[in-house]
Number of protein chains: 2
Amino acid sequence: MDIQEFVKNSIGRWRSQRSAHHLAFSHFEAVQSEIEIAALSIDDPAVIDLCKSYDIDPQTAVSPFRMSWEGQSDWDDGEVKGTCVLVPIPDPDDAAHRGKLLRDQGYAETIAAAGDYYLTADGTFVLTTAYERAAAEEKIWFVNPNVRCRVSLIKTSAGTGVVTASFSSEIRQGVQN
Amino acid sequence: MDIQEFVKNSIGRWRSQRSAHHLAFSHFEAVQSEIEIAALSIDDPAVIDLCKSYDIDPQTAVSPFRMSWEGQSDWDDGEVKGTCVLVPIPDPDDAAHRGKLLRDQGYAETIAAAGDYYLTADGTFVLTTAYERAAAEEKIWFVNPNVRCRVSLIKTSAGTGVVTASFSSEIRQGVQN
């Protein structure tokens with residue numbers, strides 16, 4: 001599986017159940033949301049602007065997409081809502097399996113972020129992102145074309161302590177499961 | 001990482017937070033438990049008996065262990081408790097990374113089960129087990145020596161539909177995190 005195929009398989013509308021484990025105080029948070037992943041054109045102004053903000057040639061981007069989510073957390077009865085643009089920039093030395101992922105809004109902190117991704121031999125997408133005060137590690141894989149799993153870890157910036165471990169099961173909408 | 005090292009890293013007492021997603025009805029189940037993983041001697045009667053019940057030469061077993069767990073689920077206020085013996089039988093063709101895992105009590109059904117495991121290049125232990133009416137797929141990996149993640153999927157026996165997806169974050173006890 002290469003990055004283009006991984007993104008293509010992800011396009012669509014997903015119903016997500018997410019559990020976050022806040023490890024220090026053994027708290028469980030449950031989030032239900034709808035996620036929409038939509039392909040963007042390579043010449044979309046949002047894609048070009050994001051590349052430029054990282055001094056990266058937009059011609060090197062592949063399979064850019066927009067991710068939007070909207071849901072409900074059982075913690076603080078909080079509404080969970082957001083959208084971001086993501087742009088893979090394959091590594092010229094291993095363009096199919098490795099590269100940078102640009103994002104106009106991060107996960108752990110709401111600022112732009114560039115992470116490093118690779119695809120394992122068994123098709124797991126692994127993304128690590130260093131933020132100013134934290135580091136995030138994310139693994140996403142398909143169980144079948146209509147079920148995705150995602151594990152996200154938020155670590156202290158030193159990278160040793162795990163603060164939050166969360167797991168999403170995502171089911172494609174608009175198809176028979 | 002080979003199977004011996006993986007088992008060795010797992011020995012100890014763990015505090016586990018587990019979230020189960022029952023996908024058909026979007027239910028979240030939260031389980032808190034203590035898990036103890038203890039090495040067994042290769043000539044422990046429980047190990048020899050389990051090998052014999054599968055017609056496998058006990059001499060081919062490596063790193064047998066016992067896993068015990070005790071905790072509380074928020075579903076039905078249920079107590080969660082159990083113990084099982086697990087015996088890796090490496091595949092002679094790739095003894096470090098692949099083999100069968102014998103278990104005297106299964107996960108999805110409380111009967112003995114033999115699963116197939118492999119270790120990926122990035123150190124994830126992947127186990128698939130076929131039961132009479134279901135199939136289970138489990139991935140376990142270490143985030144650091146004191147934090148383990150585990151994703152378990154229970155599928156229909158045909159193997160296409162996912163019934164339950166669960167995620168455990170496990171923190172080693174008796175050390176500073």
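A residue counts as buried if 20 or more other C-beta atoms lie within 10 Å of its own, exposed if 12 or fewer, and partly exposed in between, with C-beta atoms placed from the backbone. This is a predicted model, in which local features need pLDDT of at least 70, side-chain atom pairs count only at pLDDT 80 or more, and totals for chains, interfaces and linings use all residues. Residues are numbered from 1 along each chain as its sequence is written, while chains are lettered from A and ligands numbered from 1 in the order in which they are written.

Start with helix α2 of chain A, residues 45–53. Its buried residues are A:V47, A:L50 and A:C51. They span an arc of only 100° around the axis, which puts them on the same side of α2(A). The arc is that of the directions from the helix axis to the C-beta atoms. An α-helix has 3.6 residues a turn, so residues three or four places apart point the same way. The opposite face of α2(A) carries exposed A:P45, A:D49, A:K52 and A:S53. Strands β4 (79–90) and β5 (98–103) of chain A are among what covers the buried residues of α2(A). Just past the helix, A:D55 has a positive phi of about 55°.

Now the whole chain. Chain A holds two helices and 10 strands. Helices (H or I, at least four residues) and strands (E, at least two) are DSSP runs, numbered from the N terminus. Of the 177 residues in chain A, 33% are buried.

Chain B shows how the strands are arranged. There, 10 strands close into a barrel in the order β1-β2-β3-β4-β5-β6-β7-β8-β9-β10, with antiparallel pairing. Two strands pair if DSSP finds at least two bridges between them. Strand β1 (residues 12–22) and strand β10 (residues 162–172) of chain B pair over nine bridges. In that pairing, B:S19 stands opposite B:F167 in β10(B).

How do the two chains relate? A rotation of 180° with 0.0 Å of shift along its axis superposes chain B on chain A, at RMSD 0.0 Å. That is the relation of a two-fold axis. The copies are superposed by least squares on the C-alpha atoms of residues with pLDDT of at least 70 in both. They meet through the same surface, because 100% of the interface residues of chain B are also interface residues in chain A.

How values were computed: Two residues are in contact if their C-beta atoms, placed from the backbone, lie within 7 Å.
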